[in-house]
Structure formats: C-alpha cells, structure tokens
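Biologist: I have a model open and want to learn how to read it. Can we go through it feature by feature?

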Amino acid sequence: MLGYISVFVAIVLGLLIVYANNFLINRRKKEFGIYMSLGMGKRQISKIILMETMLVGIISLAIGIVIGVFGSQFMSVLVAKMFEADMHEFQFVFSQNSCIKTCIYFAVMYIAVMFFNTVTISRYKLINLLNAQKKNEKVKIKNPVVSVLVFIVASCILGYAYWKVTADIHSLDTAEKILPPILMGIVGTVAVFWSLSGFILQIVQGNKKIYLKDTNMFVLRQINNKINTMVISMSVICLMLFMTISILSSSLALRNTMQKDLIEMTPVDVNLYKTANLPESITNANGKTITYTKEQMEDSKILVQETLENNGFDMSNLKDIVEISIYTDKNLTWEAFFGDKTEEVKAEFPMLQYNTEEEIIKISDYNKIAKLYGIEEYELKDNEYIVLCDFNSMENIRNKVLKNRNHILKIAGKQYNSKYNECKSGFIVMSTSHINTGIIIVPDNCSLTENMKKRSLLAANYNATTNEKKEEIENLFHSNPDEEESFIEKLCNKGIGIDGLTKITIMESSVGLATIVTFIAIYLGIIFLIASSAILALKQLTESSDNKQRYTILRKIGCDEKMINKSLFTQIGIFFMVPLVLAIIHSVFGIQFAIEILSGIAAKEDLLPSIIATVIVIGIIYGAYFIATYFGSKNIIKEE
C-alpha cells in the first residue's frame with residue numbers, strides 16, 4: 001500500500017519540482033538574455049542549466065536521504081507511541097529498497113526537469129529575455145454578469161454535492177455512486193475560482209471608502225490578477241488542502257476512537273466459542289457441501305468448557321469463567337423484526353441481509369457476562385425483551401422500529417413487548433470496536449430449546465500473576481507461525497471447531513491496522529500541505545519579482561515602507577487564505593462523510609480534538625510558508 005502511495009506522492013512532488021524550476025528559470029530570464037547578447041548559444045545555456053540541475057539534484061538527494069532515514073525512524077516511533085505499541089523490539093532500520101526507489105523517483109523527476117528546461121530555453125528570444133521584467137501576464141477581463149451566473153451555478157453544484165454526501169449519504173453505497181459528488185465538487189471548485197476574479201473587484205469598487213483607502217486599490221487588483229491567471233492552480237491547491245484537513249482530522253479521530261474502544265471492548269483475556277447442533281452436512285456460500293462426523297456432531301451439543309476438559313486442557317489456567325448459550329429462532333429474522341417498517345428500511349438500506357436470524361440470549365446469561373465485563377446489567381418482566389446494539393448505523397435502523405414501545409416480537413411461540421423505545425448498549429464478544437449489530441435479550445422463562453441453540457460462548461481471564469505465565473497461557477490459544485501449534489489449533493486439526501479471540505491478539509491487530517492508516521494519513525496530509533504551501537509561496541515570490549517596478553512606483557507617489565509592507569502582507573494573506581477558506585468549507589462536509597463511512601470505527605465525539613490537532617499542524621506548516629513568503633517577498637521588493 002505504501003509502495004503505491006509513494007508513486008503517487010512522487011508524481012505530486014515531481015510536479016512541484018517542475019513548478020519550482022519554472023519559477024527559478026523565469027527569475028533568470030534577464031541573466032540568460034545577457035549571456036546570449038555576449039555570444040553564448042542556447043545549447044551552451046542549456047548545458048549550464050543541465051549541470052546546475054544535476055548538481056542541485058545530487059545535493060538535494062543526498063541531504064534528503066540522510067534526513068529521510070532518520071525522519072522515518074522518528075515517524076515510526078511517533079505513530080507507535082500514539083497507539084502505545086510495544087517498542088521493546090524496535091530497531092533502527094535502513095531500507096535498501098526504499099533508498100533505491102527514492103533515487104529512481106528522484107532521477108525521473110530531474111530528467112523531466114532537464115527536459116522542460118531544454119525545451120523552455122530553445123523557445124526563448126533575446127528581445128523577450130532582456131525585457132522580461134517589463135512584460136506582464138496577459139489578463140482577460142471577464143464579463144461580471146457571466147461571472148456572477150457561473151458563481152451561482154458553482155455554488156448550487158457544491159451545495160448539491162454537500163447534501164449528497166451528508167443528508168443523502170445512505171444512497172452512496174457503491175463506488176460508482178460516490179464518484180459523481182466528487183466530480184461535482186471538483187467542477188464546482190474550479191468554477192468558483194474562475195468566477196471570483198470576474199466580480200469581486202467590481203463589488204469592492206462600488207464601496208469607495210474601502211477601495212480608495214490606503215493601498216487597497218493596488219492590493220485588490222494584484223489579487224484579482226493572481227486568481228484570474230491561477231484558476232486551475234488555485235483549484236488544485238484548494239482540493240489538496242481539503243484532502244489534508246479531511247485526511248488528518250478523520251484519521252486522528254479514528255485513532256482516538258480505536259484507542260478508547262480497545263480498552264472498553266476487551267474487558268477479559270479470552271473469548272472461546274463454537275457452533276452448536278451441527279447437522280450432518282451444510283452447503284456454504286460457495287456452494288460447497290461440508291459433511292460432519294458423528295463425533296463432531298456430538299461435541300457440538302456440549303459446552304466449550306466440557307470440550308476443553310475432555311481433550312486434556314488444564315482449566316486451572318483460567319479464572320472468572322462464564323459460559324452462556326446463544327439461540328436463534330428461524331421465524332425471527334431481521335425482516336421479521338422490522339415488521340411493517342421493512343419496505344421503508346429496505347428502500348434506505350438495500351444491501352442488508354434481511355434473512356439473517358436474530359441472536360437471542362436469556363437475561364440471566366447476559367447479566368453473568370455483563371457482570372464479568374463490568375458493563376450495565378438489565379432486568380426484564382416475563383413479557384418483555386430488550387435489543388442490545390452498539391453499531392451506530394444498525395442502531396439507528398433498529399430505533400426506527402423501537403421508537404414505538406409497543407413493538408411486539410414473537411419468540412419461541414410467545415409474544416413479547418419491547419421494554420425500551422430504543423436500543424440499549426451492550427455486547428457479548430470482544431472486538432476492536434462497537435460492532436454488535438443486535439442481540440435480543442429475553443426473560444429466563446422464554447421457551448428456548450436445545451435445538452434452537454446456535455453457539456456457546458465462554459469468557460474468562462488468565463489465572464496468572466506474571467507476564468511470563470500470562471504469555472504461556474496465551475500460547476495455548478494463539479501461536480505465531482514459527483512456533484508450535486497452540487492447543488486450540490490442535491483441536492481444530494482434529495475437527496473440533498472451537499474458535500476464539502484473545503485480548504492480546506485483538507490489541508496487536510488493532511494497533512497494527514490503526515498505525516498503518518494513521519501513518520499513511522499523516523504522510524499524505526503533510527505532503528499535500530507542503531505541496532500546496534510551496535506552490536503558493538513560489539507563485540507569490542515570482543509575482544513579487546515581476547512586480548518590483550510597481551512597488552517602486554508606489555514609493556514615488558508617496559507610499560512609505562510601512563504602507564507598502566502592509567499592502568504586501570495583506571496581499572499575501574488574502575492569497576493564502578482564499579483556497580484555505582474554500583477548503584475548510586469542503587472539509588466541514590467531507591469530514592462528516594468520512595466519519596459516517598467509518599461509523600462504528602470512528603466516533604463523532606472524537607472529532608474535536610482531532611480537528612484541533614489538524615488546525616495546529618496546518619497552522620505551523622502553512623503559517624511557516626506564509627511568513628517565509630512574506631519576508632522573501634519583502635526582500636525582493638525592497639528599495640536598493
């Protein structure tokens with residue numbers, strides 16, 4: 001995954017390097033004109049630039065690799081610390097393959113730069129080079145009426161895209177349906193920037209107090225021209241900033257939620273479960289028939305603890321043992337649960353498997369495991385039931401039905417009323433997050449028979465006081481590929497289908513997944529942020545160089561240095577803020593979409609600290625480029 005992403009990032013950085021190189025070439029036009037007037041040919045100038053580019057490339061590559069080697073270790077440690085990963089086995093790593101790839105990517109980038117330089121130099125004419133500083137960009141004045149109409153249309157397109165990814169998000173259940181709102185967002189962004197320069201200046205000109213104050217006339221015309229000539233660039237920068245804000249905020253929220261959920265959802269050391277009442281044969285989803293032996297069928301009728309004891313497992317390794325039975329009723333499916341609301345739910349959520357049988361547990365069994373887990377216990381009357389569900393999207397669907405407290409379910413031939421008009425929180429199996437899609441809790445007198453039993457679930461803690469003993473017991477349930485088979489794996493090889501989860505394996509797998517996601521998000525987010533900031537900075541520095549004479553004119557008509565510096569600061573501030581403001585508006589809806597897609601994995605309440613962290617990161621990097629651009633431009637335009 002990182003390999004593919006690195007290729008994508010290399011392309012982004014390659015475009016950035018080409019853009020930066022064009023900035024440097026443009027700044028040296030007069031220098032090249034002097035060379036040519038002294039008799040130097042274009043081929044000789046191309047050779048000079050070629051040698052300079054190679055030298056700069058080699059130095060940049062060498063310094064970059066050194067910084068990258070140590071920077072990657074820092075990033076690894078940072079992300080691992082964020083997830084409290086075990087760092088005892090951490091080692092300093094130098095990846096030879098990564099170094100080779102970096103050199104190849106960098107070589108391709110600079111070969112492209114050399115090619116562009118050669119082509120650019122070959123097109124230059126001496127007269128244009130010598131007069132480069134006197135030549136302005138061609139600016140086409142847009143019709144204000146057309147610009148306003150385009151802006152209104154663009155706003156409508158963006159508004160519809162925002163509505164689609166938030167209010168109508170449930171209809172976006174495939175990649176094909178998600179693509180149109182994304183394309184609308186891109187088109188709307190380009191249209192907004194295209195139209196802005198066509199009417200903003202006219203609007204401000206209408207207010208003479210603002211327009212004629214200080215150097216506002218000069219600043220506004222400069223900004224107007226920049227946006228006019230950078231429609232595509234500003235759109236790309238805006239979209240990259242949008243991706244930076246959305247990616248960083250969503251990934252950090254994911255990290256915060258997963259950290260909290262891991263602690264909450266792993267209250268014991270081990271869960272073991274097995275299927276009950278195996279038939280002689282079943283046909284799986286692939287159409288393959290699986291036949292069970294008589295021994296397997298007999299074993300499926302007994303509890304997990306009894307199976308372990310029958311096969312020589314030392315039960316003294318476990319303590320706080322609780323085992324419960326999970327039942328199903330073939331007449332109680334999700335479709336039966338939704339009842340007369342089924343068609344409405346199907347229209348909104350067509351992808352659900354409505355023939356899924358509901359899981360049913362007796363109240364005393366649930367309270368036993370709830371007490372062990374340290375979560376809320378419940379009480380029921382003889383004619384009541386409770387729905388436990390903590391998976392957000394499924395909880396919302398079920399609540400549509402349960403909002404009528406008299407919702408009746410027929411379970412094992414008897415009718416029961418819902419005790420609550422909403423789902424209650426609870427779970428029975430450990431996991432990385434809240435993924436319980438629904439459990440029906442019924443009174444103990446409910447006529448659930450052994451034939452209706454679907455699974456047996458055992459929950460327990462390790463009977464260990466030291467880490468060594470704990471690790472020894474853990475190896476009975478889960479072993480690494482290079483170790484001897486665990487006790488459970490040996491049972492499975494014998495045809496006894498006990499499966500399970502341990503707290504340690506859940507923690508390790510969750511930390512691994514979350515670390516990868518967060519690392520990639522930080523990696524991409526910072527790359528996009530730096531690329532956006534660098535493009536804006538380079539464009540402004542180019543403008544400052546090209547407009548040096550204009551600032552000289554301002555001095556001649558009476559503007560002091562303080563006023564000129566203020567106009568420059570305002571101009572750069574607006575230039576940096578315009579794409580950022582639209583990116584923030586995009587992000588308000590983009591983050592909501594991301595969190596909804598990650599429903600059950602990332603929680604909305606974890607967004608605020610993530611957004612604050614994102615604002616700090618953007619403030620530091622984006623702000624640093626802004627300040628550097630201001631002082632760089634200030635030095636360029638200062639009076640010699």
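Predicted model: local features only at pLDDT ≥ 70, side-chain atom pairs only at ≥ 80, totals over all residues.

Biologist: How many residues does α4 have, and what span does it reach?

Modeller: Helix α4 runs over residues 96-123 and has 28 residues. From its first C-alpha to its last it reaches 41 Å, close to the 40 Å expected at 1.5 Å a residue.

Biologist: Now the whole chain. How many helices and strands are there?

Modeller: The chain holds 22 helices and 11 strands. Of its 640 residues, 43% are buried. The chain exposes about 33900 Å², and carbon and sulfur atoms supply 61% of that.

Biologist: What share of the contacts join residues at least 24 apart?

Modeller: Take contacts between residues at least 6 apart in sequence. Of those, 81% join residues at least 24 apart.

Biologist: Next, aromatic rings. How is a pair described?

Modeller: Two values describe a pair of aromatic rings: the distance of the centres and the angle of the planes. A search of the whole structure finds 15 aromatic pairs. Take Tyr160 and Trp163. Their ring centres are 5.8 Å apart and their planes are at 35°, so this pair is tilted. The cut-offs matter here: under 30 degrees counts as stacked, over 60 as edge-to-face.

Biologist: Where do Tyr160 and Trp163 lie?

Modeller: Both lie in helix α6, residues 144-166. They are 3 residues apart, about one turn of the helix.

Biologist: What about Phe338 and Tyr354?

Modeller: Their ring centres are 6.0 Å apart and their planes are at 65°, so the pair is edge-to-face. This pair links distant parts of the chain, 16 residues apart. Phe338 is in helix α13 (residues 334-338). Tyr354 is in the loop between α14 (342-348) and β5 (357-362).

Biologist: Which residues do ring pairs link into a cluster?

Modeller: The cluster contains Phe569, Phe575, Phe576, Tyr622, Phe626, Tyr630 and Phe631.

Biologist: Which charged residues lie over the face of a ring?

Modeller: Here are two cases. Lys424 lies over the face of Tyr420, at 4.6 Å from the ring centre. Arg455 lies over the face of Tyr273, at 5.6 Å from the ring centre.

Biologist: Last, the backbone. What is phi of Asn277?

Modeller: Phi of Asn277 is near 55°, a positive value in a residue other than glycine. Asn277 sits in the loop between β1 (270-275) and β2 (281-283). Its relative accessibility is 26%, so Asn277 counts as partly exposed.

Biologist: And where does Asp320 lie?

Modeller: Asp320 lies in strand β4, residues 318-333. Asp320 has a positive phi of about 55°, although it is not a glycine. With a relative accessible area of 40%, Asp320 is partly exposed.

Terms used. Residues numbered from 1 in each chain as written. Heavy atoms only, no water. Helix = DSSP H or I, 4+ residues; strand = E, 2+ residues; numbered from the N terminus. Buried < 20%, exposed > 50% of the residue type's maximum accessible area, 1.4 Å probe, protein only. Contact = heavy atoms within 4.5 Å. Areas by Shrake-Rupley, 256 points an atom, 1.4 Å probe, with all protein chains shown as cover. Expected span 1.5 Å × (residues − 1). Phe/Tyr/Trp six-rings, centres within 6.5 Å; stacked < 30°, edge-to-face > 60°. Lys NZ or Arg CZ within 6 Å of the ring centre and 35° of its normal.
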